[in-house]
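Please consider the structure shown below with attention to its side chains.

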Amino acid sequence: MEKNEKFAGLRHKMVYFQLIGRDIKDTNVIEAMEKIPRHLFVEENYQSEAYSDYPLPIGMGQTISQPYIVALMTQALGLRKEDSVLEIGTGSGYQTAVLAEIAKEVFTVEKINSLIIKAEKVLASLNYVNIHFKNSDGYDGWFEKSPFDKIIVTAAPNDIPDSLTRQLKNEGIMLIPIGLAGRTQTLYKVTKTGNKVIKKEICGVAFVPLIKEEN
Ligand code: SAH
């Protein structure tokens, strides 16, 4: 069988069993993940595992999130095609591609330059033109491009950073894992209404830490 055909088969099974078989119903999310060649976002020696039900290493001690978690977070964001989205933690760029398939503009911030260079390359090869990259500290968000309709954080801080809630539009939604690495972390859906910030627990998760510079 041709390689791409084999990956398409694995991808279809991933969508069917890991997403639809659980609680993923958002057709935009399902279509995006059926389309995006996830194996291009991992190292060559992990490509055969790219559609498996777990996270994988992407170098520099970082990981590409499990497909189900990507789907769950994107679904919980309630993305609309007119949305402007801020992503913190570009990593492999896979989640970025899922966002870019559905939303209007994606602004993605990553601390490790070598990861952003790799992600930029693969996303350009897939012809995305609505993704904007920034190599900087995610705790600062991306002030010049704020406010955002949606924010997604794919590494875990200990608390919700105020700077990020401030960059959320009124009625905006942020998905963020909170807690110490190696301990139980909780994924929260944060909604902003006027001055009120409402936190809703979604589930337990395991993310790499959102690294804080000691200074
Ligand atoms: N969505 C990515 C997940 C990558 S893991 C994927 O599926 O591939 C989390 C990413 O957050 C890592 O790439 C890590 O380098 C980045 N990160 C950690 N701390 C950060 C910080 N303070 N600012 C920006 N990015 C950070």
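The paragraphs that follow treat the aromatic pairs, then the charges over rings, and then the salt bridges.

The model is a predicted one. Across the whole structure, a search returns 5 aromatic pairs. In one of them, the ring centres of Tyr-16 and Phe-17 are 5.2 Å apart and the planes stand at 85 degrees; the pair is therefore edge-to-face, since an angle over 60 degrees places a pair in that class. Tyr-16 is partly exposed, because its relative accessibility is 49%, while Phe-17, with a relative accessible area of 56%, is exposed.

Another pair is made by Phe-107 and Phe-148. Their ring centres are separated by 5.8 Å and their planes meet at 55 degrees, so this pair counts as tilted. The two residues belong to distant parts of the chain: Phe-107 is in strand 4 (residues 105-110) and Phe-148 in strand 6 (residues 148-153), 41 residues apart. Phe-107 has a relative accessibility of 9% and is therefore buried; Phe-148 is buried with a relative accessible area of 0%. Together with Trp-142, Phe-107 and Phe-148 make up one aromatic cluster.

Aromatic faces also meet charged side chains. Lys-6 is placed over the face of Phe-7, at 5.0 Å from the ring centre. For Lys-199, which lies over the face of Tyr-188, the distance from the ring centre is 4.6 Å.

The charged groups come next. Side chains of opposite charge can pair when their charged atoms come close. The structure has a count of 9 salt bridges. One of them joins Asp-149 to Arg-80, with the closest N and O atoms 3.8 Å apart. Because Asp-149 lies in strand 6 and Arg-80 in the loop between helix 3 and strand 3, this bridge ties together parts that are 69 residues apart in sequence. Asp-149 is buried at 11% relative accessibility, whereas Arg-80 is partly exposed at 40%.

Asp-149 also has a salt bridge with Lys-169, at 3.0 Å from N to O. Here Lys-169 is in strand 7 (residues 168-178) and Asp-149 in strand 6, so the bridge connects parts 20 residues apart in sequence. The relative accessible area of Lys-169 is 32%, and this residue is therefore partly exposed. Through shared partners, salt bridges join Arg-80, Asp-83, Asp-149, Lys-150 and Lys-169 into one network.

Where in the chain is Asp-83 placed? Asp-83 is found in the loop between helix 3 (67-77) and strand 3 (84-88). Asp-83 is buried, with a relative accessible area of 0%. Its side chain makes a polar contact of 2.7 Å with the side chain of Arg-80. When neighbours within four places in sequence are left aside, the residues in contact with Asp-83 are Gly-78, Ala-103, Lys-104, Glu-105, Asp-149 and Lys-150.

Glu-144 is in the loop between strand 5 (131-135) and strand 6, and Lys-134 is in strand 5, 10 residues apart. At 58% relative accessibility Glu-144 is exposed, whereas Lys-134, at 24%, is partly exposed.

How values were computed:
Residues are numbered from 1 along each chain as its sequence is written. This is a predicted model: local features need pLDDT of at least 70, side-chain atom pairs count only at pLDDT 80 or more; totals for chains, interfaces and linings use all residues. Side-chain values use heavy atoms; hydrogens and water are left out. Rings of Phe, Tyr and Trp (its six-membered ring) pair if their centres lie within 6.5 Å; planes under 30 degrees apart count as stacked, over 60 as edge-to-face and the rest as tilted. Buried means under 20% relative accessible area, exposed over 50%, partly exposed in between (1.4 Å probe, protein chains only). Helices (H or I, at least four residues) and strands (E, at least two) are DSSP runs, numbered from the N terminus. A charge sits over a ring if NZ of Lys or CZ of Arg is within 6 Å of the ring centre and within 35 degrees of the ring normal. A polar contact is a pair of N or O atoms within 3.5 Å; within protein, one must be able to donate a hydrogen and the other to accept it, and residues adjacent in sequence count only if both atoms are side-chain atoms. Contact means heavy atoms within 4.5 Å. A salt bridge is a side-chain nitrogen of Lys or Arg within 4 Å of a carboxyl oxygen of Asp or Glu.
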